[in-house]
Amino acid sequence: MTTQIRQPNTSLVPPQDRQVVDEWLARIAAVVGRDAKENSPEACRTAAEAAEELSAYLWMLRALRRRTA
């Protein structure tokens with residue numbers, strides 16, 4: 001396995017996807033983050049859905065990177 005060194009300030013997320021990824025992260029952080037302000041069942045469901053969507057997206061990114069590597 002080779003080690004890949006990323007350049008500083010390089011995101012794994014393409015710029016066109018950054019907004020939606022930030023939204024998923026915000027929905028998750030609202031419930032489980034250090035300064036979590038939400039604790040309703042609906043907020044928890046929303047955070048869980050965001051976590052699932054983010055997970056699927058990251059797996060897709062991983063698959064794309066493996067094909068292009």
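Predicted model: local features only at pLDDT ≥ 70, side-chain atom pairs only at ≥ 80, totals over all residues.
Visitor: What makes up the secondary structure of the chain?

Guide: The chain has 2 helices and 0 strands. Helix 1 covers 18-32 and helix 2 covers 41-68.

Visitor: Which residues of helix 1 meet helix 2?

Guide: They are Val-21, Trp-24, Leu-25, Arg-27, Ile-28 and Val-31. On the helix 2 side, the partners include Ala-43, Cys-44, Ala-50, Leu-54 and Tyr-57. The residues of this contact divide into 12 nonpolar, 1 polar and 3 charged.

Visitor: What makes a set of residues a nonpolar core?

Guide: The residues must be of listed nonpolar types, be buried, and be joined through side-chain atoms within 4.5 Å. In this chain the largest such core has 8 residues: Val-13, Val-21, Trp-24, Ile-28, Ala-50, Leu-54, Tyr-57 and Leu-61. Helix 1 and helix 2 each give two or more residues to this core. Helix 2 gives the most, with 4. In soluble globular proteins, nonpolar side chains tend to be buried together.

Visitor: Which residues is Leu-54 in contact with, leaving aside its neighbours within four places in sequence?

Guide: Leu-54 is in contact with Val-21, Trp-24, Leu-25 and Ile-28.

Visitor: Why is Val-32 called exposed?

Guide: Val-32 lies in helix 1. Its relative accessible area is 62%. Exposed means over 50%, so Val-32 is exposed. Val-32 and Cys-44 are 12 residues apart in sequence, and their C-alpha atoms are 8.8 Å apart in space.

Visitor: Why is Arg-18 called partly exposed?

Guide: Arg-18 is also part of helix 1. Its relative accessible area is 29%. Buried needs under 20% and exposed needs over 50%, so Arg-18 falls in between and is partly exposed. Not counting residues up to four places away in sequence, Arg-18 touches Ser-11, Val-13 and Leu-25.

Visitor: How many of the residues of the chain count as buried?

Guide: Of the 69 residues, 16% count as buried.

Visitor: What share of the contacts with a separation of 6 or more joins residues 24 or more positions apart?

Guide: Such residues account for 47% of those contacts.

Methods: Residues numbered from 1 in each chain as written. Heavy atoms only, no water. Buried < 20%, exposed > 50% of the residue type's maximum accessible area, 1.4 Å probe, protein only. Contact = heavy atoms within 4.5 Å. Nonpolar A, V, L, I, M, F, W, Y, C, P; charged D, E, K, R; others polar.
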